[in-house]
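Here is a walk through the open spaces in one protein model. Look at the structure first, then follow the paragraphs below.

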Amino acid sequence: MLSAAGEGALVLPPLFEAVLIADPSDVHAHACRIAAQSGAGTLVYAISEETVALAIVLEPDKPLVAARLAFFAGMAAMGDSLAFHCVPERQVAFAWPDEFLFDLARLGGARLAAPEGTGDDDVPEWMVFSVELIHARPSLADPGAYPGSTSLVEEEFDPPEAIIESFTRHLMRAFDAMATEGMSAVTTAYLERLQANTDRDWMIDGRGDLLQRGEPGAAPTRQSLSNGLAACRWYDPVRKAPLL
């Protein structure tokens, strides 16, 4: 593990402490391993030629079923950071529940973890929200032949360090909005970027599930947040990185 206190270290709000490691594929697991000792605000990150990864430790004070809604604060914060650091008039969107899209091409994804065995009614000792983004696609001989994904380099984003720093500031604003305005402050921001949200007929309930209102008198259709996060459809377990 490397300290991030030297030259070129991230400039973060006071509540955050950066931990730089070498391997992006280990950022999520590393944050989970140190979460209980390191505490809230610890930001583990790694940047390689192919992947940018970051993970933030959270200390919820609510049962898991409610604390899990912090996932939407993390997604909204990263969505805003990506939108700020890309070229103008391009679209940053989400695919339910955990995938980042740039002009409809996969740019990365997010995960949320809590200690194993934590039940919905238990207050987790910690949670980890993590993001992995495709930095570049040097392993593809012809990246243009794979339009289903794209990368920060190809789309001329600002440097990854700027995106990570911006994410922490947007995350603080998202948590402040949650505290003062309630969960709708972040779920509304999330829904505005959700690819499927074409008719404003979607909502997120108190469990984090996505509901679509049906005909009058009919029950809404439901997509489970927990099941969606467990599926982790954006992740390539062979490459241990976002799918290309």
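Which element gives the largest share of the lining of the second largest pocket? The model shown is a predicted one, and within it that share comes from α6, with three residues.

The helix α6 covers residues 225–231. Along with α6, the strand β7 (105–113) supplies at least two residues of this lining. The residues that line the second largest pocket are Leu64, Arg68, Leu112, Ala113, Ala114, Met127, Ser226, Leu229 and Ala230. Sorted by class, seven of the lining residues are nonpolar, one is polar and one is charged. The space in this second largest pocket comes to about 150 Å³.

Now turn to the largest pocket. About 560 Å³ of space lies there. Its lining is made up of 22 residues, and those closest to the centre of the pocket are Leu58, Glu59, Pro60, Phe175 and Met178.

Which elements each supply at least two residues of the lining of the largest pocket? They are the strand β4 (51–58) and the helices α2 (64–67) and α4 (160–181). Of the elements, α4 gives the most to this lining, namely six residues.

What does the lining of the largest pocket hold by class? There are 17 nonpolar residues, one polar residue and four charged residues.

To go back over the two spaces, α4 is the element that gives the most to the lining of the largest pocket, while α6 has the largest share in the lining of the second largest pocket.

Conventions:
Residues numbered from 1 in each chain as written. Predicted model: local features only at pLDDT ≥ 70, side-chain atom pairs only at ≥ 80, totals over all residues. Heavy atoms only, no water. 1 Å grid on protein atoms, 1.4 Å probe; cavity = no way out; pocket = protein on both sides within 12 Å on 5 of 7 lines; lining within 4 Å. Points joined across faces, edges and corners; volume = space filled by probe spheres on them. Helix = DSSP H or I, 4+ residues; strand = E, 2+ residues; numbered from the N terminus. Nonpolar A, V, L, I, M, F, W, Y, C, P; charged D, E, K, R; others polar.
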